[in-house]
Amino acid sequence: QYHSSLVSRPAKMSYVSSRMLIAFLCLFTGASLQHEQDALHEMLSTTPGQKMSTSAKDSTHALFDGYVIAVPSRRAAAREFIHENGLETSTVIHNATLKTSLNRTQLVKQGKVSPISLTMFPLQIGDISCTMSHQSALRRFLETSDKQFGLIFEDDAWLEYPVQKKLGLSVTEVINRIILGRNATKFEVMGPGSTVRKALDVNKTRTTNMLTYLKMDMDEFVRRQSGTKTWDLLNLGRCYDNCCAVGGQTSGVDIPNLAHLKLVFSLEASCGHSYLVTRHGAQQLLEEGTPISEITDDIMVHTHWAGKIRQLSVTPRLFKQRVSMGSLIHEKDDKHGVKLSEDATLAARQEKPECDPYA
């Protein structure tokens, strides 16, 4: 934009001056790109926990574009989150779709919401508005970003793993390293004796429900999940995942240049308050989630089950939800849906563990 605004005034400068200006800008741009590449190289060559030089930290550009989905009453908290995590240059506030602005009947007529809910209980209007907020953030990423990776947060997300203290790195540096190590974190999850296979064998009821939902048999499910693959969707703050069965889910793959953090296969991760997604992953989530028949968390899991994306999770998780903020989705009874039970209201204000203790 700076370049075009200058060269669009030829009447005010000579031909020689114009050529000199273009040459200077090309040289400046080339030097900036080289400086960015050098900084990223230094970041990767830094051993885990080792401090980087100040110049490298200052010039480390995010390899992602970030979006914090926020309702008006939580924009201040979203700005605080962005500032506290040093994400000012990469992450913006994305206006949430407000449930007060929606009409279920009209949304069904428009084909945006399915008349049939795939969830255990009918979708509340708050569930729909939350899902639409995520979808609009994904579309914004696909339509306006030139990056290959999007970082999505909800406005109640908060850093749980102290990356600066544990790793000596900023949040941006950690996310960059995860992205740069993506191709090195491919692994097979359905091999004989794998934790996933054991979990499927042990919990027959859950496995049967999963296959019934997918309308496929176990052989087809294994075929779709098999193969050495990396992630399209990376949950950074999973909860109630099916990972505690059969001795716990401790096996996974190390993330290059990130000590103590691993990537694990997520069979049923809930909590979509913080995640990394590729452009392919974003497109698949939008296709599978239209028309809306379930909440965002379930769309992620079911798109993953269907083999259209692979979802992995970071463990220990990096982010969690600030339960003290409560849930705006279920803040009030939904006049278009069902009355929220007292148990569900209480659950919305309780800490959500990374793994389902009853799995």
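This is a predicted model: local features need pLDDT of at least 70, side-chain atom pairs count only at pLDDT 80 or more; totals for chains, interfaces and linings use all residues.
## The disulfide

The structure holds one disulfide, and the residues that form this bond are C239 and C271, whose sulfur atoms lie 1.9 Å apart. The torsion about the S-S bond of C239 and C271 is about 85°, so the disulfide is right-handed. C239 lies in the loop between β5 (233–235) and β6 (253–255), while C271 lies in the loop between β7 (258–265) and β8 (274–278), so the pair ties together parts that are 32 residues apart in sequence.

Are the two cysteines of this pair buried or exposed? Both C239 and C271 are buried, and for C271 the relative accessibility is 6%, a value that counts as buried because the cut-off for that word is under 20%. Another cysteine, C130, has a relative accessibility of 19%, and C130 therefore also counts as buried under the 20% cut-off.

## Positive phi angles in two loops

Which backbone angle deserves attention at C271? C271 is not a glycine, and yet its phi is positive, at about 75°; as for its place, C271 belongs to the loop between β7 and β8.

Y240 is likewise a residue other than glycine with a positive phi, in this case near 50°, and Y240 is found in the loop between β5 and β6.

Helix α8, which runs over residues 171–180, is mostly covered, since nine of its ten residues are buried.

N176 has its place in helix α8 and is buried, with a relative accessible area of 0%. Although N176 and L63 are 113 residues apart along the chain, their C-alpha atoms are separated by 5.9 Å, and the side chain of N176 reaches the backbone nitrogen of L63 at 2.9 Å.

## How α12 and α13 meet

Two packed helices are described by the angle between their axes and the distance between the axes. For helix α12 (residues 279–288) and helix α13 (residues 296–305), the axes come within 10 Å and cross at roughly 105°. Angles of 65 to 115 degrees count as roughly perpendicular, and α12 and α13 are therefore roughly perpendicular to each other.

Which residues make the contact? On the α12 side they are Q284, L285 and E288, and on the α13 side they are I299, M300 and T303. Sorted by class, the contact of α12 with α13 has three nonpolar residues, two polar residues and one charged residue.

## Two cis peptide bonds

Where does a cis peptide bond involve P291? A cis peptide bond joins T290 and P291, with omega at about -5°, and P291 lies in the loop between α12 and α13, the two helices whose axes cross at roughly 105°.

The peptide bond from T315 to P316 is also cis, and its omega is near -5°. P316 is found in the loop between β9 (311–315) and β10 (319–321).

Methods:
Residues are numbered from 1 along each chain as its sequence is written. Side-chain values use heavy atoms; hydrogens and water are left out. Axes are lines fitted to C-alpha atoms, for helices over the stretch in contact, and angles run from 0 to 180 degrees between N-to-C directions. Helices (H or I, at least four residues) and strands (E, at least two) are DSSP runs, numbered from the N terminus. Angles under 35 degrees count as roughly parallel, over 145 as roughly antiparallel, 65 to 115 as roughly perpendicular and the rest as oblique. Contact means heavy atoms within 4.5 Å. Ala, Val, Leu, Ile, Met, Phe, Trp, Tyr, Cys and Pro count as nonpolar, Asp, Glu, Lys and Arg as charged, and the others, Gly among them, as polar. Buried means under 20% relative accessible area, exposed over 50%, partly exposed in between (1.4 Å probe, protein chains only). A disulfide is a pair of cysteine sulfur atoms within 2.5 Å. A polar contact is a pair of N or O atoms within 3.5 Å; within protein, one must be able to donate a hydrogen and the other to accept it, and residues adjacent in sequence count only if both atoms are side-chain atoms.
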